[in-house]
Amino acid sequence: MMFLKTWKELRWMALTYLLILEAMLVPAILLWPNLRGEMPAIGRLVPFEFAQRMIEGISNRDESAAYLAYIAVQVFFKGVNVMGIAAAVLFGTGLIARERECQTLEFLLARPLSRSRVLAGKFCLAALAVVIPIFLVSWSAMAWSASIDEQLPFWELTLASIQSSLFVLAILAFTVICSVLARNQLQAAFVVGVVVISQVTIYFIQEIRVASIFRLSDFDVYGPIMAGNLGAMQLFQGMSLWLAVSVVVLYVIADRLFKRADL
Amino acid sequence: MALTFNPGPRECNSGFPLPGSPDSLAAPASNRYHYAPMTGAVVQVEGLQKQFGSTSVLHRVDLLVKPGEFIGFVGPNGAGKSTTLRILVGLIFATSGRVQVLGMDPARESLAIRRRCSYLPGETSIYQQMTGADFLRFALSFYPQQTELAMEMHAAFPLPLKRRVGSYSSGMKQKLALMASLIPDADLYILDEPDRALDASSRLQLRIILEGLKASGKTILLNSHHLSEIEALAERTVFILEGRTVAEERVAAARENLRKDITLRLQSEMELPTGTEFVRRLGDGSIKIRTIGNPMDWLAQLPGEKILSVEVGATRLEEIYSLLTKAEAGQP
């Protein structure tokens, strides 16, 4: 019943998020043949080193390699980093803070239901609602690509989806901590918003970029994955592992805080 | 409407048994909880203190509730009643003091407590997007057993269960919350202002239902601002003022003081005998007098033909409450 209730609350938002992700992808793929020729000109306008690497990748003389780089940017760097994080913040901040704000949390926790179970049920469904659209949209890119005579590798797409999902799940887990501590959803969203924006700002400053979490979800990660230069073993022994550990640690912190919170 | 109660529990597997759906009345044996019989106090609170940051809300609360007792919990707004009740079910945690509910510590075993205790929160809301039936099904799905009250509650509180809760009035929402809290078969019912937003007839129905629970041996802790309800239902009343429970001796002293009160209606104006602590004229023309000595001796000095009506030593809960709160505020 707990799962069903949370699913009913999230289902329309999750569907909207999926449709927006897909709506961002389809025109990007269908416009690919026209955009390709304009890339060098766009590259000259962008001052950032990382962005120039993206443009170089997309401007590759090998059309297949260029298309893989383009998909890495469109689906993962742009799509997931914008919409995935927005969805994680929207779903995550509401999990506990909205119940507290609507004064339903006390009624819910007055039932014979442990706080851990409440949080786990809500977190699992929010995680699925955030992650499943990433996989669906990235796999759908294969079908859309076929319509413009391009090919996408299933395994590399899946690997990039796993990496971006772990990144979004880490953001979701952090958001849940804020949701547990905040008096209302807006307060939680404000804190997460400040952290995410400051991380984006850090990412754009070359000298301190190393301190930004967005380095784990940028073209320098997805480009090599899509090109087949960054394999599963390297990922799962490196940054994917650390992201997975972060998700678990952040979730455990949220659970501990929730157990000790005065409602 | 006459209501009948069967104290024997029913078991259900999927929550709320809507009228005409007997399918919900059978549960697999593995779902049943086997409760240990209660021998000691159901609720035992000693020296309870609670602080929110630097604000101290409870200074010293002591409470003892025995099995099968119906306790009224009374005090002004902000006295700490709801805070105490929320500590009992483990929704918030005590800063210091000893708290035991059904023999367990709410800070560590709140889930086990909530399996045997049904709590109606005072300031709460219910899910606006659900229909009434969905809400009941959801709320009751966590309890393995229900009393026969399900049907009785339907009769007592008729609600359009197919409508969304968001379209309900505040009184209808309160009835729904009451059904969700009173239908589960529990050992202890903790009810925080159950009569909030209810109309007079619904309050009467609630009183009948609570009497039924009381008759079936349930332990009930009731917080209400309607003192007449508490007076009618509770075997014992615990007063809480500014975060402290009032000692029973002090309540007894207040009651004793009130026994010296006389409410008198006279045929015409006359000079009253001496020996009064105070004389107050009431709105209906009668006179309230507190005598220094025995009120009957004082009354004997009045000519009988002058007295239209007299009431001696009536100790209403409202008057005890008024006396205690005035004393707390330093008023005469």
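Mentor: Let us begin with a term: helices are DSSP runs of at least four residues, strands are runs of at least two, and both are numbered from the N terminus. Please keep in mind that this is a predicted model.

Trainee: How many helices and strands does chain A have?

Mentor: Chain A has 12 helices and 0 strands, and its pattern along the sequence accordingly reads α-α-α-α-α-α-α-α-α-α-α-α.

Trainee: How do H1(A) and H5(A) run relative to each other, roughly parallel or roughly antiparallel?

Mentor: Angles over 145 degrees count as roughly antiparallel, and those under 35 as roughly parallel. The axes of helix H1 (residues 2-30) and helix H5 (residues 63-101) of chain A come within 10 Å and cross at roughly 160 degrees, and therefore H1(A) and H5(A) are roughly antiparallel. Their contact has 19 nonpolar, 3 polar and 5 charged residues, and the crossing is right-handed.

Trainee: At what angle do the axes of H1(A) and H7(A) cross?

Mentor: The axes of H1(A) and helix H7 (residues 115-146) of chain A cross at roughly 25 degrees and come within 9 Å, which makes these two helices roughly parallel. This contact divides into 23 nonpolar, 4 polar and 4 charged residues, and H1(A) passes H7(A) in a right-handed crossing.

Trainee: What is the radius of gyration of chain A?

Mentor: For 263 residues, a compact globule would have a radius of gyration near 18 Å, and the 20 Å of chain A agrees with that. Of these residues, 53% count as buried.

Note on methods
Residues numbered from 1 in each chain as written. Chains lettered and ligands numbered in written order. Predicted model: local features only at pLDDT ≥ 70, side-chain atom pairs only at ≥ 80, totals over all residues. Heavy atoms only, no water. Axes fitted to C-alpha atoms, helices over the stretch in contact; angles between N-to-C directions. Parallel < 35°, antiparallel > 145°, perpendicular 65-115°, else oblique. Left-handed = near helix turned anticlockwise from the far one by under 90°. Nonpolar A, V, L, I, M, F, W, Y, C, P; charged D, E, K, R; others polar. Rg over C-alpha atoms; globule rule 2.2 N^0.38 Å. Buried < 20%, exposed > 50% of the residue type's maximum accessible area, 1.4 Å probe, protein only.
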